[in-house]
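Welcome! Let's walk through this structure together with a few questions about how its features get their names.

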Amino acid sequence: MEVSTSQQSPLRSNYFIVWSEIVKNLKFLLAYPVVFIFWAVFPVFWFIPFILQGEAFVGGLQSQSFADISGTPDFIPFVVLGALLNSYVLTSLYGMGESIRREAYRGTLDYILSAPCNKAFILIGKALSESISSTIFAFTQLAICILFFGIELTLGIIIPVIFIVILLILGLYGMALILAALSLRYKQAHDLAHTMEYVFSVFSPVRYPLASLPLWAQILGKALPLTYALIAVRSIMLLNQSLMALHLEVLLLLVIDAVAIFLGFYLFNWMEERTKKSGTISHF
Amino acid sequence: MVYNEESNDYSIQTIDLTKRFTKKKHRGIFGFLRKSRKKEKPKSKNSDIVVALDHVNVKVRPGELFGLLGPNGAGKTTLVKCLSTILIPDKGTAVVNGFDIRKQTSMVRASLGMVIGGERTLYWKLTARDNLMYFASLYKMPRKQTKRRIEELLEIMQLSDRADERLEDYSTGMRQKIAIVRALLHDPPVLLLDEPTLGLDPTFSRQIRNQIKELAEKQGKTVLLTTHYMEEADQLCDRIAVINNGKVIAVDTSDNLKALVKETELVEIACYNPPSDIRAHIKLHCPDVEIIELIHGNEAKGTPSRIKLIGGKAEEHIGTVMDMLRKKNVRICSLNIGMPTLEDVFIKLTGARLTESGRGGS
């Protein structure tokens, strides 16, 4: 007996998989009205500890000793940009890593993994829906930066920054895929996500310049995509450097992205196969 | 349907399908510490292995409604999961709609619609329509066609007017109907239905059974239906495979399976307050009866207990057993001879009752 196959192009049908996944996740998000309180409060509250911490240590908005190691005397914009990009880390790692576990918990994972489509597009949809909320946060935070901390935005700045953020997100997706793969096997992914988030916030220059870290920690930090994204974005926004001058950071980000995404998909397929053999795919 | 048994043209064919699971006794950190402290000697490998499917060979014809009847833990769900490619078998393989489950997984998946795991396999926070639109996208269905198909199927299931309500507001039976609609969205030639009426009230069960029957009879779908409800298998299925402990022990039509228990081989006595040692007494006086079953009724609610004698020359022992019951002041309600049910067939084949819980989790 014949199987009814899709009458639309693979590109179109894969686009609909991604789109349906995004729509589904956003509908889930909006199904809980309390989320709006979080969305309203979170972007503002996120800044406060960084600002107060900076004021307490530096004693003002600028510091010469800070400028000596970071290249900019403005501590607050430095930390604000760190916080802004770091918000993508948590949403990507936690969101995508946990999404597989959530499907298992809901009982839908069996159906998703037994559908005749490429799982990569489902995962891309999951990742993109997580990034949408991060981007809303980022824009709110950026608006706060412009209004209160004197950060200037021009088209010449915003386009290269968006490019760097996309490169950062791709690397984070790769790492989130690794977490999603581990959650297939070990189920509890959010503990791993939190651990990784702390690794990012300690070893990447989120609140302090990379030079503040001991040498061994700097080496570790240089394996993380957030490090290069922060260096590049701060250089563009605070030191007025061009994207061309940051070609090394861009290249290293591209390499990390490629390795993380390859490893992520490889590990996900491997773990899927393993759990299908052990019969634990729908366990949670 | 006239069918050539030699033909390879089956909708579903399993070939020595085998699946074993390893039991994990020590789970979590405390389990690990306990194991380390006790320094347990490793047991033989076989003691920690559960054979869920043991060289299963089943052939299902196109358009056939094929039942898989067995108790909980018999291996029914494992078989369905292997066929749907959610589970990879250890040995053997299966062919679904002409595609090998090991080598042609995408084509197998496109050929199948499945209802497995009950009502919890849908997104309760989304509407029925949203659920169906999402799952249709995973089957690469064009949007316009999907919308039409959803309307058509919801109409058949009499749920059109509730399509835009969240599933959390649905009853269990309605959610199960949506699960069936999901399985039918891409119009697959083969359906795997794993206990589709489990936990439903009689009205919804009847509606769903009618739908299943129509799918096979009017739409020509091949249906593999797993159930532990013998009436369901009896009423719906063209042929039934009896499965127990991972082995298929008989495959035939319901009538032919019942014929395995000869009229003279089955006696059923309904009575009140039979003593608990009655089986031992009967066994002592009627040694050639193969199986003696005591099924306790709910006597407070007026449902008598039943004593079943199966196998041997059960009929010849009626007098002896009746005398025995009278001497023990047991009130006898009725006596039936030679009217086997599928449960009797199962008892005859396995020595166990179909409704008994097995090893747990299939």
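Q: How many Å separate the centres of domain 1 of chain B and domain 2 of chain B?
A: Taken over C-alpha atoms, the two centres are 38 Å apart. Domain 1 of chain B covers 12–254, and domain 2 covers 263–339. Please keep in mind that this is a predicted model.

Q: Why are α6(A) and α7(A) called oblique to each other?
A: Helix α6 (residues 119–148) of chain A and helix α7 (residues 155–186) of chain A pack at an angle of about 120 degrees. Roughly perpendicular ends at 115 and roughly antiparallel needs an angle over 145, so α6(A) and α7(A) count as oblique. Their axes lie 11 Å apart, and the crossing of α6(A) past α7(A) is right-handed.

Q: Which residues make the contact of α6(A) with α7(A), and how do they divide into nonpolar, polar and charged?
A: From α6(A) come L123(A), A127(A) and S131(A). On α7(A) the contact is made by I169(A), Y173(A), A176(A), L177(A) and A180(A). They divide into 7 nonpolar, 1 polar and no charged.

Q: What makes up the contact of α10(A) with α11(A)?
A: Among the residues of α10(A) are P225(A) and Y228(A), while α11(A) brings E249(A) and D257(A), among others. The residues of this contact divide into 9 nonpolar, no polar and 2 charged. Glu and Asp count as charged.

Q: How many residues does each chain bring to the contact of chain B with chain A?
A: Chain B gives 34 residues and chain A gives 30. On the chain B side, α3 (105–111) and α4 (128–138) each supply at least two residues. The largest share, 6 residues, comes from α4(B). The chain B side divides into 18 nonpolar, 9 polar and 7 charged.

Q: What is the pLDDT of chain B, and where does it stay under 50?
A: Chain B averages 85, and 88% of its residues score at least 70. Over residues 1–7 of chain B the pLDDT stays under 50, and over residues 356–362 of chain B it is below 50. Where pLDDT is low, predicted coordinates should not be read in detail.

Definitions and conventions: Residues are numbered from 1 along each chain as its sequence is written. Chains are lettered from A and ligands numbered from 1 in the order in which they are written. This is a predicted model: local features need pLDDT of at least 70, side-chain atom pairs count only at pLDDT 80 or more; totals for chains, interfaces and linings use all residues. Domain bounds come from an automatic or database domain assignment. pLDDT is the predictor's confidence in each residue, from 0 to 100. Two residues are in contact if their C-beta atoms, placed from the backbone, lie within 7 Å. Axes are lines fitted to C-alpha atoms, for helices over the stretch in contact, and angles run from 0 to 180 degrees between N-to-C directions. Helices (H or I, at least four residues) and strands (E, at least two) are DSSP runs, numbered from the N terminus. Angles under 35 degrees count as roughly parallel, over 145 as roughly antiparallel, 65 to 115 as roughly perpendicular and the rest as oblique. A crossing is left-handed if the near helix is turned anticlockwise from the far one by less than a right angle, and right-handed if clockwise.
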